[in-house]
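Grab a pencil and have a go at these exercises. Try each task yourself before you peek at the worked solution.

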Amino acid sequence: MKMVKAVVRPEKAAEVLEALNKEGFSAASRISILGRGRQRGLKVGDVVYDEIPKEMIMMVIEDKDLDKVTKILVESARTSKEGAFGDGKIFVLPVDKAVTISTGEEKL
């Protein structure tokens, strides 16, 4: 299993979740976060915004679905056909075990 954490623009989060759901990936968590990438924030006039609002979408998927989910995330989170600076980032981590709290069922 893999945990996928996608950091996307807030205005794209609903579209990303809808695209994932349409393809059968409905289990996801959405978290509002603040941060910055290589752009080191945003400057508007004399004001510098160090932390920019983003949304993190987290999900655990089967290894075999990784390429499909990554493609869905990239295509639905981009702001244009070519993409733009600040569109986001996808992180993939291994998951050793998942336990359902209500039943105690373990999935390896």
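**Exercise 1: The nonpolar patch**

Strands β3 (42–44) and β4 (47–49) each give at least two residues to the nonpolar patch. Keep in mind that you're looking at a predicted model.

*Task.* Which residues form the nonpolar patch on the surface, and what is their accessible area together?

*Solution.* Step one: list the members, which are Leu42, Val44, Val47 and Tyr49. Step two: take their accessible area together, about 350 Å².

**Exercise 2: A closer look at Tyr49**

*Task.* Find the strand that holds Tyr49, then decide how Tyr49 counts by its relative accessibility.

*Solution.* Start with the place: Tyr49 sits in β4. Next, take its relative accessibility, 42%. Buried would need under 20% and exposed over 50%, so Tyr49 counts as partly exposed.

**Exercise 3: The open sheet**

*Task.* In what order do the 4 strands of the open sheet come, and why is one side of β2 and of β6 left without a neighbour in the sheet?

*Solution.* First, write down the order: β2-β5-β1-β6, with antiparallel pairing. Now check the edges: β2 (29–35) and β6 (88–94) each have a single partner strand, so one side of each has no neighbour in the sheet. From one strand to the next, the twist averages 25°.

Then zoom in on one pair: β1 (residues 2–8) runs antiparallel to β6, and 7 bridges link them. Lys2, for instance, has Pro94 in β6 as its bridge partner.

Key. Residues are numbered from 1 along each chain as its sequence is written. This is a predicted model: local features need pLDDT of at least 70, side-chain atom pairs count only at pLDDT 80 or more; totals for chains, interfaces and linings use all residues. Side-chain values use heavy atoms; hydrogens and water are left out. Two strands pair if DSSP finds at least two bridges between them. Axes are lines fitted to C-alpha atoms, for helices over the stretch in contact, and angles run from 0 to 180 degrees between N-to-C directions. Patches are made of residues with over 30% relative accessible area and no salt bridge: like charges are joined within 9 Å, nonpolar side chains (Val, Leu, Ile, Met, Phe, Trp, Tyr) within 5 Å. Accessible areas come from the Shrake-Rupley method with a 1.4 Å probe; for residues, only the protein chains shown count as cover. A salt bridge is a side-chain nitrogen of Lys or Arg within 4 Å of a carboxyl oxygen of Asp or Glu. Buried means under 20% relative accessible area, exposed over 50%, partly exposed in between (1.4 Å probe, protein chains only).
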